[in-house]
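Me: I am new to this structure and would like to go through it in questions and answers. Please show it to me before we start.

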Amino acid sequence: MRNDVILVLVVITALAFDFTNGFHDTGNAMATSIATGALSPRVAVALSGLLNLVGAFLSLAVAATIASGLVNTADVTLTVVAAGLAGGIIWNLITWLFGIPSSSSHALIGGVIGATLAAAGGSAVKWHGLTSKVVIPAALSPIIAALVAATGTWLLFRISRNMTSAARGHGFRIGQVGSACMVSLAHGTNDAQKTMGVITLALIANGTPASGSQAPFWVILSCALAISAGTYIGGWRVIRTLGKGLVEIESPQGMAAESSSAAVILLSSSFGYSLSTTHVATGSIIGTGLGKRGAEVRWGCGRADG
């Protein structure tokens, strides 16, 4: 049964979640660049917002996973979607308040799955899709990102071992501008897609498009604008934790961490895997500590952030 009033409320709530996702996850792309002085905070956040907007238009694979790959659309109502969104927004706000770089993505997916379980039971959840597209990538992606970042850090320090500290820092800070831009672009291809998928799921539940339909253009545009606006506002509490709380970052480490994060996120987006970009970024930063001789990794902070 169509209920356009509730649908409008759900869309507004979804865009509000997308906005909180943007300011919650700004640190994923820009924390290391700000920490090393490669970019000023204002320029970094503005650049991240713009590239999140661009990235949201590059792929719809993750949106398709959220819209029809995790739950049976026939068993989902607008009330279920609204409840899932409410859970995700509350979690985002609580973790942002305490500066914890938790996963906005998993909060949203968990909210939708939980609401579906409460409304229609376990048979309404596509457990195979949930496992292959969400659970396994969530478990493996931070480990892979850490290994790639550790290897990259070791290589960068080895290649630049004959350079002075000043020359190394200047050169890699320039490189960080490009790698940070790639992370922001990648973030748009993955995180913005999740809200697109949820709104598309709500449209299907309301009987607007057929099951399995792609996100309409207005959904893509509105989600892209919402996440980029949230990114521009900036999650400064989370930036402080990722930039300084886990590892003392130098420019080669920052470039290695950002390059690792961008590669893992972009590859996963192309396969429709819904990742936690926060956990990928955290894994990459920890990996740079492992890859540099004598670096200190604050494991207690890392466990709290997970």
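Me: Are K194 and D191 buried or exposed?
Reply: The model is a predicted one, in which local features need pLDDT of at least 70, side-chain atom pairs count only at pLDDT 80 or more, and totals for chains, interfaces and linings use all residues. Residues are numbered from 1 along each chain as its sequence is written, and side-chain values use heavy atoms, with hydrogens and water left out. Buried means under 20% relative accessible area, exposed over 50%, and partly exposed in between, with a 1.4 Å probe and protein chains only. On that scale, K194 and D191 are both buried.

Me: What do the side chains of K194 and D191 form, and at what distance, N to O?
Reply: Side chains of opposite charge can pair when their charged atoms come close. A salt bridge needs a side-chain nitrogen of Lys or Arg within 4 Å of a carboxyl oxygen of Asp or Glu, and a search of the whole structure finds one. K194 and D191 both lie in helix 8, three residues apart, about one turn of the helix. Their side chains meet in a salt bridge, N to O, at 2.9 Å.

Me: How many helices and strands does the chain have?
Reply: Helices (H or I, at least four residues) and strands (E, at least two) are DSSP runs, numbered from the N terminus. The pattern along the sequence is α-α-α-α-α-α-α-α-α-α-α-α-α. The count is 13 helices and zero strands.

Me: Which residues does T189 touch?
Reply: T189 also has its place in helix 8. With a relative accessible area of 3%, T189 is buried. Contact means heavy atoms within 4.5 Å. Leaving out residues up to four places away in sequence, T189 touches G55, A56, L58, V62, I265, L266 and S269.

Me: Which nonpolar residues form a patch on the surface?
Reply: Patches are made of residues with over 30% relative accessible area and no salt bridge; like charges are joined within 9 Å, nonpolar side chains (Val, Leu, Ile, Met, Phe, Trp, Tyr) within 5 Å. L147, in helix 7, is exposed because its relative accessible area is 56%. Accessible areas come from the Shrake-Rupley method with a 1.4 Å probe, and for residues only the protein chains shown count as cover. The patch, with about 540 Å² of accessible area together, is formed by I136, L140, I143, I144, L147 and V148.

Me: What is the centre to centre distance of the aromatic pair F57 and F217?
Reply: Rings of Phe, Tyr and Trp (its six-membered ring) pair if their centres lie within 6.5 Å; planes under 30 degrees apart count as stacked, over 60 as edge-to-face and the rest as tilted. By this rule there are two aromatic pairs. F57 and F217 form a tilted pair, with 45° between the planes and a centre to centre distance of 6.2 Å.
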